[in-house]
Every structure is written in C-alpha cells, then in structure tokens.
Amino acid sequence: MLNNDIRKDFPILDQEVNGHPLVYLDSAATSQKPRQVIEAIANYYQNDNANVHRGVHTLGNRATEGYEGARETVRKFLNASSTEEIVFTRGTTTALNLIAQSYGRANISEGDEILITYMEHHSNIIPWQQLAKATGAVLKYIDLEEDGTLSLEKVSDAMTDQTKIVSMMYVSNVLGTMNPIKQITEIAHAHSAIMVVDAAQAAPHLKLDVQDLDCDFLAFSGHKLCGPTGIGALYGKKALLNEMEPIEFGGEMIDFVGLYDSSWKELPWKFEGGTPIIAGAIGMAAAIDYIESIGLGTIEKHEHELVAYAMEQMKTVEGLEIYGPRDSSKRAGIVTFNLEGVHPHDLATVLDMNGVAVRAGHHCCQPLMKWLDVSATARASFYLYNTKEDVDRLVEGLRMAKEYFQ
Amino acid sequence: MGNEKLDQLYRSVIMDHYKTPRNKGVLESSNVTIDMNNPTCGDVIHLTLQVEDDIVKDAKFEGEGCSISMASASMMTQLIKGKNTEDAVTAAHAFSDMMLGKDIDDSMDFGDIEALTGVAKFPARIKCATLPWKAMEKGIASDSE
C-alpha cells in the first residue's frame with residue numbers, strides 16, 4: 001500500500017463534506033489533481049503564457065518549449081517511437097471521433113465491419129454508429145462472458161474478412177475488466193483490421209507501451225490521470241496518420257494558404273487546428289511526471305490491494321451485488337454494485353450525506369447496463385490517494401443506507 | 001451519523017409512495033402514452049393517461065428509478081386524476097417552481113406532494129422529482145395538438 005502521505009499532495013482531499021471528512025471514490029469519472037499539477041499550470045500562466053509556434057519573442061519560445069516538451073513527455077509515457085505520432089486532443093472522446101471521421105471516412109465502405117464490445121463507453125460506440133450510418137458499414141458487438149470479461153475465442157469468432165476496425169476499451173469504466181489488448185491486436189492484424197484502443201481508464205493505472213501492444217491508435221484523457229480537464233492525446237502509427245486528412249481547419253495546422261486551396265503542416269500539427277490547449281498539455285505532462293515519480297506499477301498494486309479489500313468488505317453487506325470479474329486481481333480499481341432495496345441514486349445521496357462521493361447511474365454505458373439487465377448502478381472507483389479507511393467509510397455508509405431504506 | 005438532513009429529503013410520505021406506489025401499471029383504456037427518460041441517470045417512466053373532454057379521467061405509470069422519481073410519479077398521478085388538463089399543466093409548472101425553491105401560489109393544494117419540497121435542497125435530485133411531471137405535461141401537449 002502507498003503511504004498516506006500522498007494525500008498531502010492533493011489539497012482538495014483535506015475538507016469536510018456534509019460534516020464528514022471527504023472520501024472521494026469517483027476517480028474513474030475524474031481524478032483529483034496534486035499540487036504539482038496545479039502549480040505547473042499556475043506557473044505557466046504567471047510566467048510563460050504566450051501563443052505557440054509563432055512568436056519570435058521569449059515568452060513565445062517558452063510556451064512552445066513547454067507545449068512541445070509536453071508532447072515528448074506523452075511520447076515517453078506511451079513509449080511511442082516519435083512525437084510525430086502524438087496528437088493533442090481535448091480528450092479521449094475527441095480522439096476517437098477524429099479516428100472515426102478521418103481514418104474511418106477514408107477507409108470504410110459499404111459492407112465493411114466495425115467490431116466493438118458490449119462494455120464500451122458511449123464515446124467508443126457513437127462515433128462508430130455514425131461512421132456505419134454514413135458509409136453503410138456494419139457495426140458489430142462482441143458478446144461478453146458471464147463475469148463481464150472478454151474471451152479471445154469470441155473475439156476470433158467475431159472477426160470476418162470484412163472486419164476493418166476493431167475498437168475496444170483497455171479497462172472497463174464499469175466492470176473494471178482489463179482486456180487482453182495485445183492478443184486482441186494480434187487477432188485484428190491477422191485479419192488485416194486496425195486496432196483502436198480506448199485507454200481512458202487504463203492510462204491512469206497501467207504502464208502503457210504502444211510499440212509492445214502494436215495497436216494502431218490509442219487515446220487517453222489527462223483529467224483521469226491527475227491532469228486538468230480539456231486535454232488528452234491520440235497516439236497513431238505514423239504511416240496511418242500521414243495518410244489521414246485533418247477534420248478541423250484553421251490556424252496552426254496550415255502550411256500554405258491560397259485563395260482556393262491550402263496545404264497542411266506535417267505531423268502532428270496538421271491535426272491541431274486553432275490555438276492549442278497549451279496550459280492543458282503542460283498540466284497533463286506535470287501529471288504524467290507525478291504519477292511516474294510514484295510509479296505506475298506501485299499505483300496498480302495499491303489499487304489491486306484496495307479493490308481486493310473493498311470487495312471482501314462489501315460482500316459482508318447483505319443484499320449487495322458486485323458486477324464484473326469476481327477475481328479482484330482481474331480488475332482495475334473499480335467496483336460497480338447495487339444494494340438490494342436501495343436505488344443507486346438514493347444510495348449515492350445517503351453516502352454523500354456521509355461525505356462519501358460515488359457515482360450513480362449508467363456511467364455512459366447504456367448498452368452495458370442493458371447487458372447487465374439493470375437500469376442503473378453505483379460505482380466506487382479508487383486511485384493512488386485512497387486508503388483502506390476510505391473503504392471502511394464506504395461500507396459503513398452502505399450499511400446505513402440499507403438500514404435507512406428498510 | 002446524523003440523519004436529519006436525509007429525513008428532510010426522504011419524508012415518510014415519500015417513502016410510503018415509493019414502497020406502495022399508487023396508480024402503478026398500464027392503462028388499457030389510455031389514449032395518451034408517454035415515455036420519458038432522464039439521460040443522465042437512466043430513470044425511465046411510461047405514463048398512460050385517459051383524457052376525455054379535456055379531463056384526465058385516469059392515469060397510471062410504470063417506471064424504473066429512485067425513490068424520489070417513483071414517489072413523485074405516484075403522487076402526480078393521484079393529483080391529476082379528475083383534473084382538467086389546463087389545471088394539470090398549471091400544477092406541473094407550480095411543481096417545477098417548488099423544485100427551484102420558489103414560493104408557490106397558496107391556491108395550489110398540493111397535499112402530500114409538499115413533502116417533496118426538501119428535494120430543492122438536493123440539486124442533483126431535482127430532475128428525479130420533475131421527470132414524471134414533465135412526462136405528464138408532454139403527454140397533455142401531444143393530446144391537444
């Protein structure tokens with residue numbers, strides 16, 4: 001377990017909510033930000049703020065160095081071979097939409113198949129629905145095992161000669177399932193399909209290596225890994241990105257602009273129209289530095305211990321059902337559940353009155369809720385700053401809710 | 001742990017309607033059917049009304065949701081039965097005002113429904129309470145078209 005001292009890096013955790021010390025168990029929605037990230041953003045605005053890639057002046061140079069330095073930080077974080085393969089986006093959603101609209105529109109045609117799973121987040125469903133509607137392609141879903149995991153056999157069975165894109169989350173934001181992305185990528189490539197990875201829930205917790213995974217695209221968001229909102233990154237193989245057209249046009253992304261025709265900058269800037277998210281990128285790089293200074297392996301181990309403890313304790317609450325893998329070693333720091341006789345909204349309100357923040361609802365996964373045959377669930381998600389005491393407070397709140405609604 | 005604040009939200013009359021909902025089911029004789037959901041949380045309501053000569057003769061609901069949304073649906077159907085459609089819509093507006101913490105017209109006799117005033121103090125739950133009322137308003141508007 002990580003030392004509790006880590007909590008001192010997160011000023012927000014030191015407060016009372018509804019008369020109780022805050023227990024924040026909603027990091028899968030967004031993580032809290034350490035002082036190091038808040039200071040990096042403040043420092044940028046206080047000392048270096050200027051537009052990038054154009055100023056001859058000193059501040060312009062500093063801002064450009066900060067922004068492009070952040071790209072190098074992301075490259076190393078993902079072990080990509082070149083910063084040309086790192087495009088800054090507003091987040092995972094924007095990145096997935098970019099792939100669907102640019103790569104998808106150019107490469108997908110009628111009868112082609114796009115393969116996703118029932119566990120996907122809406123952001124990895126709707127861009128493909130839209131692409132399928134626009135091109136006449138077919139969107140197909142891989143069924144899940146009874147415990148909410150994926151079997152490689154079912155992945156293989158779902159592949160056909162028409163499969164052109166396989167897109168999948170690395171870690172489920174509801175079930176906590178960790179999908180075998182490397183093996184699935186091999187299967188996709190054996191059928192000449194490209195592999196897209198939604199790493200929004202993986203990047204905060206697991207060491208990523210895009211060269212080892214050999215995926216074609218991978219997207220993640222800064223705000224889930226201790227960084228600010230409004231920034232994320234898309235990794236794409238250079239050969240693919242080179243062939244792709246931008247989907248946003250304007251300043252920053254152009255090479256030459258004529259009256260009736262224009263040309264684009266080289267990679268990665270052709271995908272970054274408009275003044276970029278400079279402070280966001282610098283903040284996200286500070287967040288990556290922060291979690292790497294602690295160690296992703298250490299964070300992952302900490303979460304595994306917390307989840308194992310949480311599942312064990314939660315099972316002692318009568319009428320509590322946990323969704324997803326029963327083996328806690330098979331899941332990331334996420335526990336989604338329902339308490340018999342208490343609707344998740346009511347549960348979240350009771351917990352909030354006790355200072356415990358959890359998420360209630362469909363978690364942007366309506367097809368998965370349907371698969372689970374529930375209309376809503378409650379979710380507790382853990383990160384590096386959570387403790388066993390947080391779990392105890394959750395369980396105490398669950399018992400209280402049970403009693404209150406009896 | 002103090003339950004006082006929770007008790008303001010979950011008044012006994014609300015819990016009673018949640019546990020023993022009135023007018024639960026589907027009206028065979030309905031001429032107005034409305035499905036509505038709250039996309040942020042997954043609450044759903046299926047409301048059936050029998051409207052004749054601008055009078056709500058009967059109302060039933062089916063749905064899935066939290067105690068607040070289901071109790072609100074139960075109380076709403078009780079209130080509108082026998083009312084003319086104009087009064088039902090006026091009540092829906094008054095209910096919205098109540099959820100925003102505004103004072104409502106004294107002439108509005110909400111009875112048990114006033115137990116839901118506590119919801120105004122829980123901003124995240126207001127949409128739960130208003131869902132059935134919005135469904136009813138939409139249904140009546142569609143009927144008069």
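Okay, let's start with A:Cys215, which sits in the loop between α7 (210–213) and β9 (217–221) of chain A. Keep in mind that this whole thing is a predicted model. So, is A:Cys215 buried or exposed? It's buried, with a relative accessible area of 0%. If we skip residues up to four places away in sequence, A:Cys215 touches A:Thr185, A:Met195, A:Val197, A:Val210, A:Tyr235 and A:Lys237. For a sense of distance, take A:Val307: from A:Cys215 it is 92 residues along the sequence and 28 Å through space, going C-alpha to C-alpha.

Now the nonpolar cores. The largest one has 82 residues, and the ones with the most contacts inside it are A:Leu78, A:Leu218, A:Phe220, A:Leu225 and A:Leu384. Which helix gives the largest share of this core? That's α9 of chain A, residues 278–294, with twelve residues. Have a look at A:Phe220 on your screens. Leaving aside neighbours within four places in sequence, its contacts include A:Val74, A:Phe77, A:Leu78, A:Ala199, A:Leu225 and A:Met284. There's also a second, separate core of 79 residues, and among its members are A:Val356, A:Met400, A:Phe405 and, from the other chain, B:Ala91.

That brings us to where the chains meet. Chain A puts in 20 residues and chain B puts in 23. Together they bury about 1,800 Å², with 58% of that on carbon and sulfur atoms. On the chain A side, A:His345, A:Met353 and A:Tyr404 lose the most area to chain B, together 31% of what that side buries. How many salt bridges cross this interface? One, by the rule used here: the side chains of A:Asp346 and B:Arg125 meet at 2.8 Å, N to O. Eleven residue pairs are in polar contact across the interface as well. On chain A, the elements giving two or more residues to this side are α11 (344–353) and α13 (388–404), and α11 has the largest share, five residues. Sorted by class, that side has six nonpolar, twelve polar and two charged residues.

While we're on chain B, find B:His17 in helix α2, residues 12–19. B:His17 is buried, at 0% relative accessible area. Its side chain makes a 2.7 Å polar contact with the side chain of B:Ser74.

Last topic: salt bridges. Side chains of opposite charge can pair when their charged atoms come close. Over all chains, the count comes to 22. A:Arg62 pairs with A:Asp48, with the closest N and O atoms 3.0 Å apart. A:Arg62 is in helix α2 and A:Asp48 in helix α1, so this pair ties together parts 14 residues apart in sequence. A:Arg62 is partly exposed at 36%, while A:Asp48 is buried at 17%.

Next, A:Arg71 and A:Glu272 come within 2.8 Å, N to O. A:Arg71 is in helix α2 and A:Glu272 in the loop between β12 and α9, so the parts being tied together are 201 residues apart in sequence. Here A:Arg71 counts as buried at 0%, and A:Glu272 counts as buried at 6%.

Third, A:Lys238 meets A:Glu84 at 3.0 Å. That pair links distant parts of the chain, 154 residues apart. A:Lys238 is partly exposed at 33%, and A:Glu84 is partly exposed at 25%.

And one final thing: A:Glu68, A:Arg71 and A:Glu272 are joined into one network by salt bridges that share partners.

Definitions and conventions: Residues are numbered from 1 along each chain as its sequence is written. Chains are lettered from A and ligands numbered from 1 in the order in which they are written. This is a predicted model: local features need pLDDT of at least 70, side-chain atom pairs count only at pLDDT 80 or more; totals for chains, interfaces and linings use all residues. Side-chain values use heavy atoms; hydrogens and water are left out. A nonpolar core is a set of buried Ala, Val, Leu, Ile, Met, Phe, Trp, Tyr and Cys residues joined through side-chain atoms within 4.5 Å. Buried means under 20% relative accessible area, exposed over 50%, partly exposed in between (1.4 Å probe, protein chains only). Helices (H or I, at least four residues) and strands (E, at least two) are DSSP runs, numbered from the N terminus. Contact means heavy atoms within 4.5 Å. Buried area is the accessible area (1.4 Å probe) that two parts lose on being put together, summed over both. A salt bridge is a side-chain nitrogen of Lys or Arg within 4 Å of a carboxyl oxygen of Asp or Glu. A polar contact is a pair of N or O atoms within 3.5 Å; within protein, one must be able to donate a hydrogen and the other to accept it, and residues adjacent in sequence count only if both atoms are side-chain atoms. Ala, Val, Leu, Ile, Met, Phe, Trp, Tyr, Cys and Pro count as nonpolar, Asp, Glu, Lys and Arg as charged, and the others, Gly among them, as polar.
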